[in-house]
Amino acid sequence: MTDTRRRVKVYTLNEDRQWDDRGTGHVTSGYVERLKGMSLLVRAESDGSLLLESKISPNTAYQKQQDTLIVWSEAENYDLALSFQEKVGCDEIWEKICQVQGKDPSVDITQELVDESEEERFDDMSSPGLELPSCELSRLEEMAELVASSLPSPLRREKLALALENEGYIKKLLELFHMCEDLENTEGLHHLYEIVKGIFLLNRTALFEVMFSEECIMDIIGCLEYDPSLPEPRKHREFLTKTATFKEVIPILDPELKQKIHQTYRVQYIQDMVLPTPSVFEENMLSTLHSFIFFNKVEIVGMLQEDEKFLTDLFAQLTDEATEDEKRQELVNFLKEFCAFSQTLQPQNRDAFFKTLSNMGILPALEVILGMDDAQVRTAATDIFSYLVEYNPSMVREFVMQESQQNDDDILLINLIIEQMICDTDPELGGAVQLMGLLRTLVDPENMLATANKTEKTEFLGFFYKHCMHVLTAPLLANTTEDQPSKDDFQTAQLLALILELLTFCVEHHTYHIKNYIINKDILRRVLVLMSSKHAFLALCALRFMRKIIGLKDEFYNRYIMKSCLFEPVIKAFLGNGSRYNLMNSAILEMFEFIRVEDIKSLTAHVIENYWKGLEDIEYVQTFKGLKLRFEQQKERQDNPKLDSMRSILRNHRFRRDARTLEDEEEMWFNTEEDDLEDGEAMLPSGEKSKNDEDIMDPINKFMERKKLKDNEDKEVLPKSNLSGRQSPSFKLSFSSSTKANLMNQSSGGALAASPGSPGSQGSPGPVAKSTPQTTAVTTKGGLVGLVDYPDDDEEEEDDESEEKDGIPPVSQKVKIGS
C-alpha cells in the first residue's frame with residue numbers, strides 16, 4: 001500500500017463556489033497511453049477505484065496553496081484540488097507538474113492566468129515586469145492607484161502579486177501603517193485601506209499566508225478599519241483582543257491546532273465583518289479566501305476528532321455534576337461551535353464525525369444538559385440537538401426508545417425537548433418554532449427506516465403516543481377545560497397554534513395512533529373551544545385541525561363528531577362572524593362545501609337535522625341549500641324502497657352472454673355504486689324480489705322497444721371507455737317527482753339515463769340520454785343494453801334477437817319473470 005505521503009482528498013468546486021469532497025485515495029504520476037501524456041492518477045483507498053485521471057497539460061495553471069494543496073482548472077467552471085495529508089507528498093507531486101511544464105518548483109503558480117484580448121496580451125507581454133513605487137508615505141497614493149488600475153486585468157494582477165511577494169512589500173506597508181497611526185495621518189490610512197483591500201482581490205494564496213500570519217493579521221485588520229466612506233474608523237482590533245477572547249475549555253496541547261483555530265476565527269471575521277460586501281464583479285475574486293477558510297475548518301475538525309483524550313475529557317466534564325455552571329456553559333458552547341464547523345464537511349466526513357460523537361455519548365450528555373436550569377446552556381444544547389436530528393433522526397429515535405425502558409417519562413430526552421418548547425420565554429417563540437420543527441422531523445414516518453416489517457414506524461409511534469403525547473397536549477388540555485380558553489394572551493395563543501400544527505401533521509400521517517388518541521381523549525372537542533379565541537390565527541388553526549379530520553372521510557371520526565355535536569362551535573363561529581367576508585368565513589364554507597361535494601351522508605344528515613334553522617337564511621352561497629337537497633334525496637331513497645329496487649333490477653339483470661366472473665374493479669364499482677350516484681337516482685338492492693316486478697318492468701319493456709327501433713337503424717356499437725379504473729353501469733334510472741308518482745301508480749312514464757347526473761334528476765323527467773364514449777361501456781344491439789361488448793358472441797346475439805322478435809323474452813328477462 002502506498003505510504004501516507006501520497007494520501008490525498010480530491011475536491012471539486014461546485015456551482016455555489018463550495019468544495020465538494022470526491023473521496024480519499026493515493027496519488028501517483030505517470031505516463032497514460034490513452035491520454036498521450038504524463039498524468040495524475042488518484043485511486044480510492046477503500047476499493048481501488050479511479051477517483052481522478054488528469055493529464056498534466058503544459059498550458060494549465062497549477063497553484064500550490066498552504067503547502068498541502070494543489071489547485072487547478074481543467075475546463076471552464078471546473079476546478080479541482082488535491083489536499084495532501086503531508087507536505088512532503090505535495091512537494092513531490094508539485095515537482096512532477098513543474099517538470100512537465102518546465103517550471104522552477106519554487107514557484108506557487110505554474111502559468112499566468114490570461115483571459116484578455118490578443119492586443120492587450122501583446123502589450124503586457126512586451127512590457128517589463130511590474131515595478132512597485134518605493135514604500136514611502138509620500139507614495140502611498142501612487143501605490144493605491146497602481147493597485148486599482150491592475151485589478152481589471154488578470155495579467156497585471158498576476159504581475160502585481162508576484163512583485164508584492166518577491167519584494168516583501170506587505171510587511172513594509174504594515175510598517176507605514178504604524179507610522180500613519182502614530183502621526184494620525186488620516187489620508188495615508190485611507191490609502192492603506194484601498195491598497196490592502198485591493199491585495200485581497202488579487203486572490204493569491206501566497207499573499208494570504210503572509211497577511212494571515214500571526215505577526216501580520218492584526219495589522220491587516222487595522223488597515224481595514226479606516227474605510228474612507230465611513231465618518232469614523234471601526235474598532236475591529238479592540239473587539240478581537242478584548243471582547244472575543246479565546247477560551248480553552250479543554251486544554252489543547254497541539255500548538256499547530258491552537259494556532260489554526262486562532263487564524264481561522266480571525267480570517268472568518270475578516271470575511272464576514274471587515275471586508276465590505278463584494279460586488280457581483282468582485283465575488284469570484286475572493287474565491288481563494290473562501291477556500292482558505294474551508295480547508296482550515298476541515299483540518300481543525302479532523303485534528304480534534306482524532307484526539308480521543310480531548311473528546312473523552314469534554315464529555316466527562318459535561319456530564320459531571322460537580323462541573324460549575326459557567327464551565328459547563330463554555331463546554332456546551334464549544335461543542336455547539338464544533339458541530340457548526342462540521343457542517344462544512346462533505347457527507348462521508350460528516351458521517352464519521354457524528355458517529356464519533358455518538359460513540360462518545362453525546363445524546364446522554366444532552367439529556368443531562370437539557371434538564372438544567374440555565375437557559376443559555378439549554379439553548380446551546382438545543383442547537384446541538386438540531387444538528388443530530390437533521391443528520392440522523394433514526395439514531396435519536398433509537399436512543400429515546402432505549403432510555404424509556406430505564407427512565408421515567410419526565411426525564412426522557414424527547415419530553416425535555418417538548419417541555420423546553422412549552423416553556424420558551426421568547427415573546428416570538430423563536431426557540432419553540434425550531435423545536436417544533438425538530439419534533440415534526442422525529443415523528444415523520446417518511447424519514448423512518450423502511451424495513452420489511454416497518455418496525456421503526458410501529459415501535460416509535462407506539463412509544464411516542466404512550467410516553468410523550470400527553471406532555472405535548474398538556475397546555476392545550478389545561479387551557480380548554482371550560483367553554484372559553486382560560487388564557488388567551490398572544491404568547492399562549494402562539495404556543496397552542498404550534499401544538500395544533502403538529503397535531504394536524506399527526507392526523508395526516510399517523511392514522512390509527514392519532515385516531516385512538518383523539519377519540520379516547522376527546523381532543524377535537526377541546527380543540528374547538530379555541531374557535532372562540534380572540535386571536536383569529538388560533539381559531540383558524542383549530543378549524544384546520546377539524547378540516548383535516550373531516551378530509552379523511554373516516555366513519556369512526558364522523559361518528560365521534562356527530563355523537564359529541566362538534567359542529568356546534570364551528571357554526572356558532574360562522575354565524576358570529578356575520579356577513580364579514582374574511583378568512584374564517586371562507587374556511588368554514590370550504591369545509592361544508594367539501595362535505596357536500598364528497599357527499600358524506602352521515603355528516604350531511606347530522607348538519608341539516610341539527611343546525612338547519614340557523615343556516616337556512618344563508619343565500620349568498622348555495623352550499624347549505626345544496627346540503628339540504630342532498631339530505632332530502634337521501635331521505636327519499638330511504639322512504640321509497642321501490643325506487644331503490646329499480647336500481648337493483650337494472651344493475652343485476654344486465655344482458656350478459658357468458659358466465660365470466662366479475663373482475664375485482666367491477667365488484668368494487670357495484671359495491672360502492674349507490675354512494676356514487678348523483679341526485680335523484682335510485683337502485684334496488686341486489687336480489688330483491690318485489691311483488692311489483694311486472695309493474696316496474698312495464699316501462700322498461702317500452703324503453704327496450706324504443707331502443708330496438710333506434711338500434712336497428714344505425715347498428716352502432718359504442719367503444720368501451722375506462723372511467724377511473726371502474727366500469728359504469730349499463731344504465732340507471734333518473735326520476736323526477738312526477739316520474740316517481742307514475743311508477744308507483746303503475747303508469748308507463750319513465751325516464752332512463754345512461755350516465756350519472758343525467759337530466760331528469762331534478763325538476764321534470766329528462767329525455768333519454770344518448771350514450772357516449774365519455775359515459776360508460778355500453779353495447780346496443782337488438783334492443784339490449786349490455787355492460788361489455790364480447791366480439792365472440794355475435795351468434796348468440798342473433799339468436800337472442802330472433803327470440804325477441806318471436807315474442808320470447810331475452811334470457812335475463814325470462815329468468816327474472818319466471819323466478
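1. Glu-184 is exposed, its relative accessible area being 68%, where exposed means over 50%, buried under 20% and partly exposed in between, computed with a 1.4 Å probe and protein chains only. Glu-184 is found in the loop between helix 5 (169-183) and helix 6 (186-201); helices here are DSSP runs of H or I with at least four residues, strands are runs of E with at least two, and both are numbered from the N terminus. Although Glu-184 is not a glycine, its phi is positive, at about 55°.

2. Before going further, please note that this is a predicted model, in which local features need pLDDT of at least 70 and side-chain atom pairs count only at pLDDT 80 or more, while totals for chains, interfaces and linings use all residues. Residues are numbered from 1 along each chain as its sequence is written, and side-chain values use heavy atoms, with hydrogens and water left out.

3. Asp-522 lies in the loop between helix 23 (512-521) and helix 24 (523-528). Is Asp-522 buried or exposed? With a relative accessible area of 18%, Asp-522 is buried.

4. Strand 1 (residues 7-13) has five buried residues out of seven, and is therefore largely enclosed by the rest of the structure. Strand 1 pairs with strand 2 in the antiparallel sense over seven bridges, two strands being counted as paired if DSSP finds at least two bridges between them. Within this pairing, Thr-12 has Asp-20 of strand 2 as its bridge partner, and Val-8 has Gly-25 of strand 2. The two strands form a hairpin with five residues between them, and Arg-17 in the turn has a positive phi of about 60°.

5. Strand 1 also pairs with strand 7 (residues 78-84), again in the antiparallel sense, over five bridges. In this pairing, Tyr-11 stands opposite Ala-81 of strand 7.

6. Strand 2 and strand 3 (residues 37-44) are paired in the antiparallel sense over eight bridges, and His-26 stands opposite Arg-43 in strand 3. Strand 2 and strand 3 form a hairpin with four residues between them, in whose turn Lys-36 has a positive phi of about 60°.

7. Tyr-31 is found in strand 2 (residues 19-32), yet this residue counts as exposed, at 51% relative accessibility. Together with Met-38 and Val-100, Tyr-31 forms a nonpolar patch on the surface, the three having about 260 Å² of accessible area together. Such a patch takes residues with over 30% relative accessible area and no salt bridge, joining nonpolar side chains (Val, Leu, Ile, Met, Phe, Trp, Tyr) within 5 Å and like charges within 9 Å; a salt bridge is a side-chain nitrogen of Lys or Arg within 4 Å of a carboxyl oxygen of Asp or Glu, and the areas come from the Shrake-Rupley method with a 1.4 Å probe, only the protein chains shown counting as cover for residues.

8. Thr-382 lies in helix 16 (residues 375-391) and counts as buried, at 3% relative accessibility. Leaving aside residues up to four places away in sequence, Thr-382 touches Leu-370, Gln-420, Gln-434, Leu-435 and Leu-438, where contact means heavy atoms within 4.5 Å.
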